[in-house]
Amino acid sequence: MSLVSLEHRIEELQALPRDAQITNLIKLAGGLAKLAPDASQRWDVRDVRQDLECADTVGLYVRRDQHGVRLAAEVGQEVTTLTKALTALMVQHLDGETPTAIASVTARRLSGIVPASLLRQRQN
């Protein structure tokens with residue numbers, strides 16, 4: 001997909017009513033397993049992290065090829081649905097993009113995907 005497809009998907013999600021946004025985020029989270037790294041492939045970067053306040057990990061795998069930056073991700077069992085959904089969204093739409101395009105995606109832009117009420121609940 002592409003940065004343009006990511007922008008379109010964000011706009012689609014933002015236009016949905018709250019319940020539909022939540023349903024779509026759950027669907028995105030459910031598709032994350034298909035984006036796991038292939039063990040038979042070489043990855044230039046394997047960045048697996050665990051926040052101090054969290055019980056589980058999120059891993060991002062990156063390699064460059066002639067088509068751009070290839071992405072894969074995997075998360076632990078206890079990672080929240082919201083984190084899974086945002087990870088899946090990024091990997092699906094930015095796989096194959098250039099490093100410059102990927103770096104242009106800001107957290108502020110992504111925050112518009114998540115209903116404000118969910119963010120408040122998550123922060124609490």
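In the predicted model, three strands form an open sheet in the order β1-β2-β3, with antiparallel pairing. The edge positions are taken by β1 (45-49) and β3, each of which has a single partner strand, so one side of each is left without a neighbour in the sheet. From one strand to the next, the twist averages 15°. The antiparallel pairing of β2 with β3 extends over eight bridges. Within the sheet, Gly59 is placed opposite Glu74 of β3. Strands of a sheet pair through backbone hydrogen bonds, in either a parallel or an antiparallel arrangement.

The secondary structure of the protein chain consists of six helices and three strands. Along the sequence, these elements follow the pattern α-α-β-β-β-α-α-α-α. Of the 124 residues in the protein chain, 36% are buried. Contacts between residues at least 6 apart in sequence were also examined, and 55% of them join residues at least 24 apart.

Helix α3 spans residues 81-94 and has 14 residues. The distance from its first C-alpha to its last is 20 Å, close to the 20 Å expected at 1.5 Å a residue. Helix α3 lies across β2 and β3, and runs at about 160° to β3. The buried residues of α3 are Leu82, Ala85, Thr87, Ala88, Leu89, Val91, His93 and Leu94. An α-helix has 3.6 residues a turn, so residues three or four places apart point the same way. The buried residues of α3 are covered by elements that include the helices α1 (3-15), α2 (18-30) and α4 (99-103), together with the strands β2 (58-65) and β3 (68-75). Just after α3, Gly96 adopts a positive phi of about 95°.

The axes of α2 and α3 come within 7 Å and cross at roughly 70°. The two helices α2 and α3 are therefore roughly perpendicular to each other. On the α2 side, the contact is made by Leu25, Ile26, Leu28 and Ala29. On the α3 side, Thr81, Leu82, Lys84, Ala85, Ala88, Leu89 and Gln92 take part. By class, this contact of α2 with α3 comprises eight nonpolar, two polar and one charged residues.

Lys84 is located in helix α3. When residues up to four places away in sequence are not counted, Lys84 touches Ala29, Leu32, Val75, Gly76, Gln77 and Val79. Among these, Ala29 is also one of the α2 residues in the contact with α3, and Val75 falls within the range of β3 (68-75). Lys84 and Ala33 are separated by 51 residues in sequence, and their C-alpha atoms are 9.5 Å apart in space.

Arg9 belongs to helix α1. With a relative accessibility of 17%, Arg9 counts as buried, because the cut-off for this class is under 20%. Neighbours within four places in sequence aside, Arg9 is in contact with Asn24, Leu28, Leu89 and His93. Leu89 and His93 are among the buried residues of α3, while Leu28 and Leu89 both take part in the contact between α2 and α3.

Terms used
Residues numbered from 1 in each chain as written. Predicted model: local features only at pLDDT ≥ 70, side-chain atom pairs only at ≥ 80, totals over all residues. Heavy atoms only, no water. Helix = DSSP H or I, 4+ residues; strand = E, 2+ residues; numbered from the N terminus. Expected span 1.5 Å × (residues − 1). Buried < 20%, exposed > 50% of the residue type's maximum accessible area, 1.4 Å probe, protein only. Contact = heavy atoms within 4.5 Å. Pairing = 2+ DSSP bridges. Axes fitted to C-alpha atoms, helices over the stretch in contact; angles between N-to-C directions. Parallel < 35°, antiparallel > 145°, perpendicular 65-115°, else oblique. Nonpolar A, V, L, I, M, F, W, Y, C, P; charged D, E, K, R; others polar.
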